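Work through the exercises below with the model open. Each task is followed by a stepwise solution.

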Amino acid sequence: MRLLAVFKKSLIEQIRDYKALVLTLLSPVIFIVIFGLAFGQGFYTYTLGISNDDVGVMGEKLIYEFQNSKYPNGNLMFSVVMVDYDTEQVLNGIKKQKYDAHLYIPSDFSESLHNSGQGGETSSVRVPITGNPSYISYNLISSFVENHIHNFVWTKGMVDNPIEIVYEETESTKIKSEFENMAPGLMVFSVFFLLILSSMVVTKEVENRTIQRIVLSKIKPFEIYAGVSLSQLLLAAVMLPMVFATSLMLGFTTTGSFGLAYLVGLIATFSAIGIGMIISAFCKTSLEAFIIGNVVVTPMMFLAGIFFKVPPVKLFTIMGKEIELLTLMPTLDAVNAMNKILINDADFFGILPELIVLTLLSAGYFMLGVYLFSRRYMRKA
C-alpha cells in the first residue's frame with residue numbers, strides 16, 4: 001500500500017509539473033526527427049558545379065545522369081550548376097559556397113570511353129573534383145560523385161575503366177580527422193551550454209523567493225539582467241581558453257587567429273545568455289529551466305552544421321550575405337565564423353557578415369530577455 005501511495009504521489013507531482021513532463025517525453029522524439037531528416041532517405045540535395053569541355057557526347061550524357069539521379073524517395077541527389085571552366089571563377093564559386101563541389105569534364109572524355117568500349121588501347125583521362133575539405137558537404141558529395149562516374153562507365157559496358165578521379169582541394173589546410181572538422185563548432189557549443197545555467201540562475205532566485213527582495217530594492221530590470229549576464233560572460237571568458245587548449249591537446253591544429261575566435265565566442269555567449277534569460281521568464285523552477293534549456297540547446301547544436309550539412313531555406317540576401325531561416329538561430333553564424341577562422345584562416349573582414357548577424361542576434365535576444373524578465377517578475381512584485 002505504501003508503494004502505491006509513493007507511486008501516486010510521484011505521478012501527481014510529475015503531472016503538476018506538466019511542462020517538464022511533456023518536454024522530457026518530447027526530447028527523444030526531437031532527436032529522432034533531427035537524425036531522420038539528416039540521414040534519412042534523400043533529404044539533402046547537393047549542389048554540383050560542372051564544366052564540360054568534352055568534344056563528344058559522353059560528357060552530356062554524364063551530366064544528364066547527374067541531373068536525374070534521385071534518392072529512393074524521389075528527391076534529387078544533385079542540383080547541377082553549369083560553369084564556364086575558369087580557375088578563378090571555380091574557386092570563387094566554391095569559396096562563396098555556390099556549389100558544394102566542382103566537376104571538370106575534359107575534352108578527351110568521350111574519346112577515352114570510346115576506346116575502352118571498343119577494346120582498343122585505353123588511355124586514362126583525368127577528371128578533377130574540386131572543393132574545400134573543411135566543408136562537410138564536400139567530403140560527402142565527392143564520394144557520391146566518384147561513385148556515379150564509375151557506375152556511369154560500367155553501365156556503358158566498358159572493358160576497362162579509363163577514368164582517373166583527381167581530388168583538388170582549394171585550401172592549403174588539410175583536415176586530418178573528423179574531430180578537426182568538428183572542433184571549431186564544438187568550441188562554440190561550449191559557451192552555448194551557459195544558456196542552461198543562465199536560465200537556472202534566475203529561476204533559483206524565484207524558487208528561493210529572493211527575487212521579491214531584489215525587486216523591492218528598486219533595482220532596474222536592466223541592471224539585474226546585466227549583472228547576471230556579466231557573471232556568465234566571465235565564465236565564458238575562462239571557459240573558452242580551456243576549450244581551445246583541450247582541443248589542441250587532442251590533436252586539433254590551426255594557423256587561424258585564436259584572438260578572433262575568442263571574440264566570436266564571447267559575442268556568441270551574449271546570444272546564449274539572452275536565450276537562457278528568455279527561457280527563465282517561462283519557468284517556475286530550476287528543474288523546468290534545466291529541461292527546457294536542454295531541449296532548446298540540442299536542436300541548435302545539431303542544426304548548426306557541426307555534424308552534417310543542413311539544407312538551407314534561403315529568405316533573402318543582404319550585402320552578399322544569404323539570410324536563411326536558421327539564421328535566427330545564433331549557432332549557425334557562430335559556427336560558420338569559427339570554421340572560417342580556425343580552418344580557413346579567415347581574417348576579421350572574412351567573417352564580417354557572420355559577425356554582424358551574430359551581434360544583431362545577440363542584441364535582439366538581450367533586449368527581449370530584459371522585456372520578458374521585467375514583465376514576468378518586476379510588474380508582479
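**Exercise 1.** Is Phe144 buried, partly exposed or exposed, going by its relative accessibility?

*Solution.* The model is predicted. Step one: read the value for Phe144, which is 26%. Step two: apply the cut-offs, under 20% for buried and over 50% for exposed. Phe144 therefore counts as partly exposed, at 26% relative accessibility.

**Exercise 2.** Which geometry does the pair of Phe244 and Phe258 have?

*Solution.* Start with the numbers: 5.2 Å centre to centre, 50° between the planes. Phe244 belongs to helix H10 (residues 221-249) and Phe258 to helix H11 (residues 258-280). The two are 14 residues apart. Now compare with the 20% cut-off for buried. Phe244 is buried at 7% relative accessibility. Phe258, at 28%, is partly exposed.

**Exercise 3.** Describe the surroundings of Val243.

*Solution.* Val243 lies in helix H10. Its relative accessible area is 19%. The limit for buried is under 20%, so Val243 is buried. Leaving out residues up to four places away in sequence, Val243 touches Met187 and Ser190. Val191 is 52 residues from Val243 in sequence, and their C-alpha atoms are 9.6 Å apart.

**Exercise 4.** Which residues of the largest nonpolar core touch the most other members?

*Solution.* The core has 48 residues, and Phe192, Val264 and Ile351 touch the most other members. Elements giving two or more residues include H10, H11, helix H7 (178-192) and helix H14 (352-378). H11 gives the most, with nine residues. Then take Ile351. Not counting residues up to four places away in sequence, Ile351 touches Leu260, Val264, Ala337, Lys340, Ile341 and Ala346. Another core, of 29 residues, lies apart from the largest one. Among its members are Tyr46, Ile63, Tyr71 and Val153.

Methods. Residues numbered from 1 in each chain as written. Predicted model: local features only at pLDDT ≥ 70, side-chain atom pairs only at ≥ 80, totals over all residues. Heavy atoms only, no water. Buried < 20%, exposed > 50% of the residue type's maximum accessible area, 1.4 Å probe, protein only. Phe/Tyr/Trp six-rings, centres within 6.5 Å; stacked < 30°, edge-to-face > 60°. Helix = DSSP H or I, 4+ residues; strand = E, 2+ residues; numbered from the N terminus. Contact = heavy atoms within 4.5 Å. Core = buried A, V, L, I, M, F, W, Y, C linked by side-chain atoms within 4.5 Å.
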